Amino acid sequence: MQKFLLQGLLRSALTERAPTPDTASMAELGYTLGRTARQKLGRSLSIREVDAGSCNGCELEIHALNNAYYDLERFGLRFVASPRHADVLLVTGPVTKNMREALERTYAATPDPKWVIAVGDCAFDGGVFCNSYACVGAVAKVVPVDLHIRGCPPDPTTLLKGLIAFVENME
Amino acid sequence: MNFASKQTAARPSQPTCLPWPRELVDEGGWLALAASLAKGERELLSLWGESSSVHMAMLEPREPRLRIVTLECPEGAFPSVGGVHPPASRLERAIHDLYGLRPEGASDARRWLDHGRWGLRHPCSAPEKIESTCDPYAFLPTEGEPLHQIPVGPVHAGIIEPGHFRFSANGETVVRLEERLGFVHKGIDQLMCGASIERAARIAARVSGDSTVAYSLAFAQAVEAAFDVDVPPRAIYLRALMAELERLANHFGDIGAICNDAAFALMQAQCNLVRERILREAASAFGHRLMMDRITPGGTTVDLKQENAAALLAMVEWIELMTPRLIALFGDTTSLQDRTVGTGFVSEALARQYACGGYVGRASGRTFDARKAIGYAPYPRLTFEVGASKEGDVDARVWVRFDEVKASLQIVRQILDDAPEGPIIAAWAPPDDWTREGAALVEGFRGDIFVWLRIRADGVVQRCHLRDPSWFQWPLLEAAIKDNIVADFPLCNKSFNCSYSGHDL
Ligand code: SF4
């Protein structure tokens, strides 16, 4: 174990430079985040991830945000275990009908002010699962969405760009 | 592809399934097979329904052959297999939920995927409108003075898929775990019906995102079997390359995550570096980090460039260097071993009874691997050893994954050396003569994925059944956690890492 720790000290950081925020996301966000929110929260946001029926592909890439290359926490963003601690819900999947109530309840359990970011093509419009008897479709049909990050799944850089745009907008 | 619409020309008899024929059996034959499954004479691979028939796939003993049988059930009922052979139980409950066919003599009549929220009953066959509510679910009773229940989920604390776990605990110790799944049911059976082959392939690739390559491969192989398509040799190698990269990425991700659930974050940080590098190489070689939609019936959609082959080889060399260090880190950290050894035990008998595949089966003495047992190309031409253990605990499942990492590295090297030049896709179109059927069994990182499909003469999918390995692993997780402490559940769960999405469909 010592070897790994020593190596970690000696080698230069693997973490990459932050990508520039996504302009499309900036535009979508323009009106949603007010000065008041920023005063309350500073630059630090807690994120609660909610899988509302994803194929788990989106989760894999969201997970990757925590690895040393992307290191999400340096932007003041961190994943939390409970919606009660969250400012942002990161929702994936075509909202299966079996998950709809759980998503609504998670949203209700999140204290104000709160935002919802819909991640992936499924969360945008149901993706390949739209028009199924078992899916509601877009996340926006169930809870108000502030930002969409598209992709199937969006890669970590795309996710980062969207999330940074989100934080930048708070300033 | 030209999907000219034409009436299905009548073929002499029932459509025959390739490469394994599908036979019709009567009730007696069905029951005899169920009894032989219960006796362990053959293994259950899957059980699935259609509007008025049920199908069952089994693995024949000592033969690399599947047996697929069909029982017509015009009365809407069939003799339950789950009643005598429990591994069939959840599959039958799903058949009842989706197709309305009743398993007679079943030991568990509760709904499984249907939570009462679709506004429909049996949506895949003569659906009936209902008021969309939430059905109550009767968890199995547990009795005794000090017992208490802990309900967990469907929304979990981590970035993971949703499902519900009901623990009955005596103090710290779990007396019973009961799973309730189906939360991510997306209606894939029905979405497949009437889909073009192209669309169906995209859906198949999204059954379980972590196994997208394996699912695409299984789907493609079933279509190719049905239409007798000759896949170019280069494509066969490239597909195997993608499948092994997917396996490697998942094993590293999971080994790290298991250790993290034992509060050893260093291992996760290191493993995720390896995983990330694999995904990046995959993206630069094939244009997608998870290699989604890169395998298609007939071949692959992208070729591997020389420079990417070189980069992959460099990556393999680096991983070969990293792996022994990670193994040492895992094996030498006694505080970690303290958590993994003896935790979450699955007996060999149970693994065999459930024909449990992947690392869960292999860690408990069932060594089945479709790459070897079925031996689809190019694997018979490659040398590799799959891991095995009889310990059956979390620790064994980690060691088996390390063995699989070594095997995959061996395979990737051979593919990079031997992959022949040539085209990457066969020119083919579904001939519009008659309805065809195909099946495939492919080894994903989690275990064997079974696909059976029927395609109409106009090139449209009539029915496609996709069976995730998790169907036979989820029930064993219930057994594994028994008598362990509640706090070890995340560790056990991660060591299985069953797919919710693949199971819920
Ligand atoms: S957007 Fe793609 S990766 Fe994400 S959940 Fe949907 S199908 Fe899976």
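Predicted model: local features only at pLDDT ≥ 70, side-chain atom pairs only at ≥ 80, totals over all residues.
**Entry 1: terms and ground rules**

I begin with burial: a residue is buried under 20% relative accessible area, exposed over 50% and partly exposed in between, with a 1.4 Å probe and protein chains only. By that rule I note B:Asp135 as buried, since its relative accessibility is 14%.

I number residues from 1 along each chain as its sequence is written, with chains lettered from A and ligands numbered from 1 in the order in which they are written, and side-chain values use heavy atoms, with hydrogens and water left out.

**Entry 2: chain A**

Chain A has seven helices and five strands, and from the N terminus on they run α-α-α-β-α-β-β-α-β-α-β-α. Of its 171 residues, 56% count as buried. I then turned to contacts, meaning heavy atoms within 4.5 Å: among those in chain A between residues at least 6 apart in sequence, 85% join residues at least 24 apart.

**Entry 3: the ligand site**

Which residues lie around the ligand? Using the rule that a residue is near a molecule or strand if one of its heavy atoms lies within 4 Å of it, I find A:Ser54, A:Cys55, A:Gly57, A:Cys58, A:Gly120, A:Asp121, A:Cys122, A:Gly151, A:Cys152, A:Pro153 and B:Arg206. Because residues from chains A and B surround the ligand, I record the site as shared between chains. Helices α4 (57–64) and α6 (121–125) of chain A each supply at least two residues of this shell.

I sorted the shell by residue class, where Ala, Val, Leu, Ile, Met, Phe, Trp, Tyr, Cys and Pro count as nonpolar, Asp, Glu, Lys and Arg as charged, and the others, Gly among them, as polar. The shell divides into five nonpolar, four polar and two charged residues.

**Entry 4: the interface of chains A and B**

The contact takes 49 residues from chain A and 53 residues from chain B. For buried area I use the accessible area (1.4 Å probe) that two parts lose on being put together, summed over both; chain A and chain B bury about 4,100 Å² between them, 61% of it on carbon and sulfur atoms. In chain A, the residues that lose the most area to chain B are A:Phe4, A:Asn98 and A:Tyr133, together 22% of what that side buries.

For salt bridges I require a side-chain nitrogen of Lys or Arg within 4 Å of a carboxyl oxygen of Asp or Glu. The rule finds three of them across the interface of chain A and chain B, and I looked up the pair A:Glu16 and B:Arg280, whose side chains meet at 2.6 Å, N to O.

The elements giving two or more residues to the side of chain A that touches chain B are α1 (2–10), β1 (45–51), α4 and α5 (97–109) of chain A. The largest share, seven residues, comes from α4(A). By class, that side divides into 26 nonpolar, 13 polar and ten charged residues.

**Entry 5: salt bridges within the chains**

Over all chains the structure holds 48 salt bridges. A:Glu104 is partly exposed at 32% relative accessibility, and A:Arg100 is partly exposed with a relative accessible area of 32%.

In chain B, the salt bridge between B:Arg111 and B:Asp135 has its closest N and O atoms 3.8 Å apart. This pair links distant parts of the chain, 24 residues apart, with B:Arg111 in the loop between β7 (102–104) and β8 (120–121) and B:Asp135 in the loop between β9 (128–129) and β10 (147–152). B:Arg111 is partly exposed, at 34%, whereas B:Asp135 is buried, at 14%.

I also noted a network of salt bridges that links B:Glu244, B:Arg247, B:Arg362, B:Asp369, B:Arg371, B:Glu404 and B:Glu443.

**Entry 6: B:Gly361**

Is B:Gly361 buried or exposed? Its relative accessibility is 0%, so I count B:Gly361 as buried. B:Gly361 lies in helix α11 (residues 358–362) of chain B, and, not counting residues up to four places away in sequence, it touches B:Ala351, B:Cys356 and B:Arg366.

Conventions. Helix = DSSP H or I, 4+ residues; strand = E, 2+ residues; numbered from the N terminus.
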